[in-house]
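I opened the model today and looked up a few things in turn. My entries follow the structure.

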Amino acid sequence: MISSTFPYPPTRGGTQVRTFNLLKYLSQRHKITLVTQRESDVTDAEVAGLRDCVDHLAIFERPPDSQTTGILKKIQRFGSFLQQGTPPSVLNRYSVEMQTWVDNWVEAGKCDVITCEHSVNEIYVRCLRRATPTHFPKQLKTIVNIHSSVYATCRNQLATGISENSLRDRINLPLLRRYEQNYCAKFSAIVATTEEDKIQLQEFNPNSEITVIPNGVDLVSFPNRTNDPGGHRLIFIGAMDNLANIDAVCFFSNEVLPEIQKLYPDATFDIVGSHPVAEVLALAQKPGINVIGRVPSMVEYLHQCTICVVPMRTGFGIKNKTLEAMAAGVPIVASDRGLEGLAVDVASHPLRALRANKPIEYVTAISQLFEQPHLRSELSHNGRQLVETEFTWDIAGKSYEQVCLKRE
């Protein structure tokens with residue numbers, strides 16, 4: 001398993017949650033070698049904890065950030081993307097030492113399956129194939145576990161107007177399409193998290209084997225809450241240096257919460273997640289907003305809140321934050337993006353969450369839940385039941401194992 005993101009502890013959030021829990025499941029019956037990178041905030045205790053989860057841990061230092069500024073440097077970066085076909089965001093994480101280790105490990109015949117956990121790790125298989133005999137793909141099964149489509153994400157950010165640099169992203173969009181098409185074509189099998197991503201990826205690679213494996217929840221770490229705290233306390237959970245999460249909390253804080261507070265003056269909004277950037281920290285100056293940062297136990301904060309909001313306007317794939325709140329028994333008000341891949345409000349299923357995309361829709365849904373304890377109880381019960389029956393890591397792990405073992 002290749003993961004340039006250090007996947008421990010899983011409470012770090014983001015891609016780490018999916019990678020760690022799939023690794024944990026597979027390691028029960030298979031010998032796992034994990035190749036990963038260590039960032040500056042990874043402790044020795046965390047390295048030791050991850051080492052206990054695998055048979056062999058190959059760990060490398062994260063390459064220094066090569067992001068450059070200045071128009072000349074930006075032109076050079078774009079020229080490289082245009083010519084080589086690999087985005088700067090992928091090249092920035094590339095480690096020559098890690099590549100050499102992977103090459104040697106495979107050439108020594110020490111593995112029968114390579115999984116790239118998140119598409120950013122595809123570069124090691126791409127370079128590996130380029131440097132080895134043409135029969136290499138037949139000797140070794142290769143899987144890319146795509147947490148979300150980079151092309152679809154960029155396109156969505158442009159469409160919703162939250163791109164950090166719209167001119168750059170408009171130029172990059174066709175290049176990202178070419179990149180995603182090319183790297184997917186190299187793999188024996190592709191794994192996506194939602195049907196929406198599968199459709200997008202299948203369009204690029206109609207002959208590829210694509211399996212949808214949704215995210216899951218560790219039900220021990222996210223137990224169902226035993227009581228409804230009532231009140232008017234809202235929460236958002238997620239890594240707060242992530243662009244989609246930053247946009248979500250800023251949108252909610254600026255356009256929704258003030259309208260809620262006109263109706264419920266004591267309403268508060270807790271923003272819980274690691275690495276809050278300056279834009280998020282500044283929200284704490286607004287009435288009722290608490291920027292809490294990273295916490296030892298996310299579920300404790302979830303249990304204390306009345307409602308969890310997931311006001312995502314971009315970002316593809318099933319959201320861990322949505323599943324974790326459901327598992328904890330917290331009623332949810334979320335956008336189409338926040339509810340992607342989940343059947344929550346269709347006629348043939350129990351009501352499991354309330355949907356909102358516009359500010360007035362959030363105000364209406366949140367007010368309903370504030371005023372109706374029985375509705376909160378209904379969503380709490382149905383959300384937890386959905387996770388227990390369809391979205392555990394055991395269910396996801398079994399599906400991933402089948403993909404890994406399937407003969408070509």
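**Overall fold**

I began with contacts, counted when heavy atoms lie within 4.5 Å. Of those in the chain between residues at least 6 apart in sequence, 71% join residues at least 24 apart.

I noted the ground rules next. This is a predicted model, in which local features need pLDDT of at least 70 and side-chain atom pairs count only at pLDDT 80 or more, while totals for chains, interfaces and linings use all residues. Residues are numbered from 1 along each chain as its sequence is written, and side-chain values use heavy atoms, with hydrogens and water left out.

I looked up the secondary structure and found 17 helices and 13 strands in the chain. These are DSSP runs numbered from the N terminus, helices being H or I with at least four residues and strands being E with at least two.

I checked the dimensions. The C-alpha trace spans about 65 × 50 × 45 Å along its principal axes. The radius of gyration is 22 Å, which agrees with the value near 22 Å for a compact globule of 408 residues. That radius is taken over C-alpha atoms, and the globule rule is 2.2 Å times the number of residues to the power 0.38.

I then asked for burial, where buried means under 20% relative accessible area, exposed over 50%, and partly exposed in between (1.4 Å probe, protein chains only). Buried residues are 53% of the 408 in the chain.

**Helix α2**

Which residues of α2 are buried? In this helix, residues 44-51, I found E46, V47, G49 and L50 buried. They sit on the same side of α2, because they cover an arc of only 160° around the axis; the arc is that of the directions from the helix axis to the C-beta atoms. D44 and A45, on the other side of α2, are exposed. I also looked up what the buried residues pack against, and wrote down β2 (33-38) and β3 (56-61).

**Two residues in α11**

I picked I246, which is in helix α11 (residues 243-263). I246 counts as buried because its relative accessibility is 10%. Leaving out residues up to four places away in sequence, I246 touches M240, D241, V277, E279 and V280. I also looked up I246 and Q157: they are 89 residues apart along the chain, and 13 Å separates their C-alpha atoms.

Beyond its neighbours within four places in sequence, I listed F236, G238, A239, M240, M312 and K321 as contacts of N245.
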